[in-house]
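Hi,

Here is the structure I promised to pass on.

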Amino acid sequence: MSETAPSEPEPGAPLRRFIALRDLPKAAKTKKQDAAAKEERAAIAAAFGLLAVKEMTFDYALAPFGDDGWRVEGTLRAAVEQACVVTLEPVAARLLETFERSFAPGGVDPFDPDAPAVDIAHDEEDPPEPLGEGIDLGAVVLEALALGLDPYPRADGAAFAPIAAAPPGADPLETETRKPFAALAALKKSLEQGD
């Protein structure tokens, strides 16, 4: 079981914003703003299967939490282009996502398979995550981005067209006739009409 979080972000992380413990403010709440550089936006687009990340900014506040922990909360703003699930045309979207996380020494690592199970009521705050040698702010921001993306983006007016195929001389199957009880429904209808 791991006792601390990694000391650095994962190699190849598209947004590297690790805040080491030594760089955290000593007592007061600190507010900052940041933006992903052009190269970072390109790496994020590739990692998330996006056509483009046009802009990505985030502001965040760090504040002491509990005895030795830290809390980070902030807002992500992004302009992205995704491929339409129907036509593959670019679909532009603007995201505004908030995030908040608590970190403490000895916190629960949600990705550790050996960590003890923690029961959390839906209206309770998540338990703090392990602090380790600092806070991987880049991972927190990228998670907010992932949660804000539309999983099925569609261009205006795009719709799936029904496909009708049948052997020569046969009527194509319609949606109604493919339902499991369609034949029974047709029989019931004909019996009600007295055919």
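**What I found**

Let's start with one side chain: Arg-71 makes a polar contact with the side chain of Glu-73, at 3.4 Å. A polar contact here is a pair of N or O atoms within 3.5 Å; within protein, one must be able to donate a hydrogen and the other to accept it, and residues adjacent in sequence count only if both atoms are side-chain atoms. The side chain of Arg-71 also has a polar contact with the side chain of Glu-100, at 2.9 Å.

Before going on, a word on the source: this is a predicted model, where local features need pLDDT of at least 70 and side-chain atom pairs count only at pLDDT 80 or more, while totals for chains, interfaces and linings use all residues. Residues are numbered from 1 along each chain as its sequence is written, and side-chain values use heavy atoms, with hydrogens and water left out.

Back to Arg-71, which sits in strand E4. Is it buried or exposed? Arg-71 counts as buried because its relative accessible area is 16% (buried means under 20%, exposed over 50%, partly exposed in between, with a 1.4 Å probe and protein chains only). If you skip residues up to four places away in sequence, Arg-71 touches, among others, Ala-61, Phe-65, Arg-101 and Glu-125 (contact means heavy atoms within 4.5 Å).

Now the whole chain. You'll find four helices and seven strands, and from the N terminus on they run β-β-α-β-β-β-β-β-α-α-α. Helices (H or I, at least four residues) and strands (E, at least two) are DSSP runs, numbered from the N terminus. Of the 195 residues, 34% count as buried. Among contacts between residues at least 6 apart in sequence, 65% join residues at least 24 apart.

Next, the sheet. Five strands form an open sheet in the order E2-E3-E4-E5-E6, with mixed pairing. Its edge strands are E2 (30-35) and E6 (129-130), each of which pairs on one side only (two strands pair if DSSP finds at least two bridges between them). E4 and E5 run antiparallel and are joined by 14 bridges. Trp-70 stands opposite Phe-103 in E5. Helix H2 packs on this sheet, touching E3, E4 and E5, and its direction makes about 135° with that of E5. For such angles, axes are lines fitted to C-alpha atoms, for helices over the stretch in contact, and angles run from 0 to 180 degrees between N-to-C directions.

H2 covers residues 137-148. Its buried residues include Leu-137, Val-141 and Leu-145. As a rule, an α-helix has 3.6 residues a turn, so residues three or four places apart point the same way. The buried residues of H2 pack against several elements, including strand E1 (18-20) and helix H1 (38-48).

That brings us to H1, which lies across E2 and E3 and runs at about 100° to E3. Glu-40 is found in H1, and it counts as buried because its relative accessibility is 18%. A polar atom of the Glu-40 side chain lies 2.8 Å from the backbone nitrogen of Ala-37. Beyond its neighbours within four places in sequence, Glu-40 is in contact with Pro-14, Leu-15, Arg-16, Arg-17 and Ala-35.

Leu-88 counts as exposed because its relative accessibility is 63%. Its phi is near 70°, a positive value in a residue other than glycine.

Cheers

How values were computed. The expected span of a helix is 1.5 Å times one less than its number of residues.
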